[in-house]
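Please look at the sequence and the model before reading on.

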Amino acid sequence: MTAVLDVPPVVRRPEVPDTLEVIPSVPTTLVEMLACGAPDRGDDGAGVIAVGRLADAFPDDVRTRIVGQLDIDDLLSVPAGAGAVVVDTVVGVDPGWIVEIPFSGLAGRDAGIRPRSSHALSIPETVAVASIIRGRPLPGIVVAIGGVDFGLGEALSWPVAAGMDAFALAIADAVRRVRRLVQDAARRD
Amino acid sequence: MHDTVIAPGGADLDVDVRNLTRVEGEGSLHLRVSDGAVESAHLEIFEAPRYFERLVVGRSMDEVIDIVARICGICPVAYQMTAVHAAEAAFGVTVDPATVALRRLLYCGEWIESHALHIYLLHLPDLLGYPSAIDLAQHARATVEGGLRLKRAGNAIVARIGGRAIHPVSVRVGGFSRVIRRDEIASLRADLAEALDLVEATIELVASLQPPVFRREARLVALRAPDEYPMNHGRIVSNDGLDIAAVDWESMFEERQVPWSNALQAFGRDGRPYLLGPSSRVTLDADLLHPRAAAALVRHDLADRIANEPNWSIAARAIELVHAVAEAIDIVEGYEPPTVGGVPWTPREGIASWATEAPRGLLFQRFGLDADGRVVDARIVPPTSQNQAAIEADLALFAPTVLDRPHAEITHLLEQLIRSYDPCISCATHFLDLQVEETS
């Protein structure tokens, strides 16, 4: 039996319509790796260099962005349902040592502080404000290496240079953990 | 998830990391009190000097423009604008009027970005009684979101003209590295239209604040141009009658090394400190404000407080936000692209010097140039180094009024006063530890 259409055929010119129906899809980014620092400023560039070493180490759902100085907007632009790994150089730990702090542990650490930077907010404040504006905590980890020399045109200090392999491994591990966390959360939802 | 510290050798230890901040600037305040009186108030800047004045030696002025932009992540445009105008004055270059307009638009973008950041995330928590930007965001989320949208509008201008939002790369002696099309500039309209509503709301909010009262008379210094609110050119004027060409900065001001700071401090040659920045500009150039900004200044009767009360600098920034957004809209509406990105120029021996108005105040640069137009010596005087002495003088005046309060409150009030100047050590004070030393 042959079906009969009771509507007349439509002939269209081969143009792209003004608007295309957007088909919802699952997020294609699971983790954003946000590399802070300036590569031409000695140890300040350690994060950017380490992330560069990991360029081919992750699946396509891990996205890398060089952000220089972490801004609230950098965290607001992380897709809903994804997580973040902030990679940076810090003071407060010995040069070459590596510190990992989950975003969830940042707020208490800086509880009660006032804005202490006239340049920009600290990472704990940046993460906390971004989470408030996003409406829910952003899953993520800060992975940082202690730095000592930050002058323009300087190379990595020797303690930082010696710690770069461990730094890259720590970043890779953090990305893997955040990715798994995000995947588990998506399955639960 | 737990904090973990990994030694290079792989051993794990638990530590408490207190100073997880950007590392571009560190400072502290040392207050010496004797018999209840302030003997000295030292803003101690212990970040290493950056030697930019040495780094530019041997470079062409096009290279200098990109190098000096690296001095600051918040105000790179200021460093670029000062250097490019210095070079063009030295080489006798006259740029296309469209280039003049674009550079002013670029500067508007930087002012919007910098002022929005300072008002909404650095200064407003103090004045609304919140201990941090986090608390402000928790209790006034819409306010913070508005501030971020404003900042985004400024970033968009810098990114569109400069090629990227931080450390822009398009500025060249003679113009820009490419012709910037009309449609690129027109695409800024929507963000700026929203920003205009936001800055009007900002003025209403700021005018309703009640910051701590601290009045003093200060020597205010800013550029003044005959035809426009000062950004890219003007003479150096003050509220006590100074009026000199910008290139003559060194004839009236000098830098000194002080033992407690790695940053040079600037004084008038008569030894007096002076204050730069939004409060000085609004006071000395009020008649040149965009009509919208001028109306807001009058409507809220802010002029006297801006001139005499440091804690009202937030109002000066808000007035300048109105100005920058309104002027940016005017430039976008009237933009006609140049036919070429830049005009040709020939380097020559001489002195290239200029001053422009960075968000934090007058920025002076001077470069000695050889016959190939390469730098043989340089001097770069950022606004914060010029403001340091005025900040210390104000702290010494203010501190006695609060010394009877608990230590934590004294610290907070002094920090708050310092923040009101929006200091930028290298450019910025990133964390401030108060030490009060009582000698008897």
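## A hairpin in chain B

In this predicted model, β13(B) and β14(B) form a hairpin with 5 residues between them. Within the turn, G373(B) has a positive phi of about 75°. Strands here are DSSP runs of E with at least two residues, helices are runs of H or I with at least four residues, and both are numbered from the N terminus.

Strand β13 covers residues 361–369 of chain B and strand β14 covers residues 375–381; the two pair in the antiparallel sense over 6 bridges. Pairing requires that DSSP find at least two bridges between the strands. One bridge joins G368(B) to its partner D377(B) in β14(B).

## A buried residue in chain B

A156(B) lies in helix α6 (residues 141–162) of chain B. A156(B) counts as buried because it has 20 C-beta neighbours inside 10 Å. The classes are buried at 20 or more other C-beta atoms within 10 Å, exposed at 12 or fewer, and partly exposed in between, with C-beta atoms placed from the backbone.

Leaving aside residues up to four places away in sequence, A156(B) touches L188(B) and D191(B); contact means C-beta atoms, placed from the backbone, within 7 Å.

## Chain A in outline

Chain A contains 5 helices and 5 strands, in the sequence order β-α-β-α-β-β-α-α-β-α. Of its 189 residues, 47% count as buried.

## Basis of the description

Residues are numbered from 1 along each chain as its sequence is written, while chains are lettered from A and ligands numbered from 1 in the order in which they are written. As the model is predicted, local features need pLDDT of at least 70 and side-chain atom pairs count only at pLDDT 80 or more, whereas totals for chains, interfaces and linings use all residues.

Note on methods: Contact = placed C-beta atoms within 7 Å.
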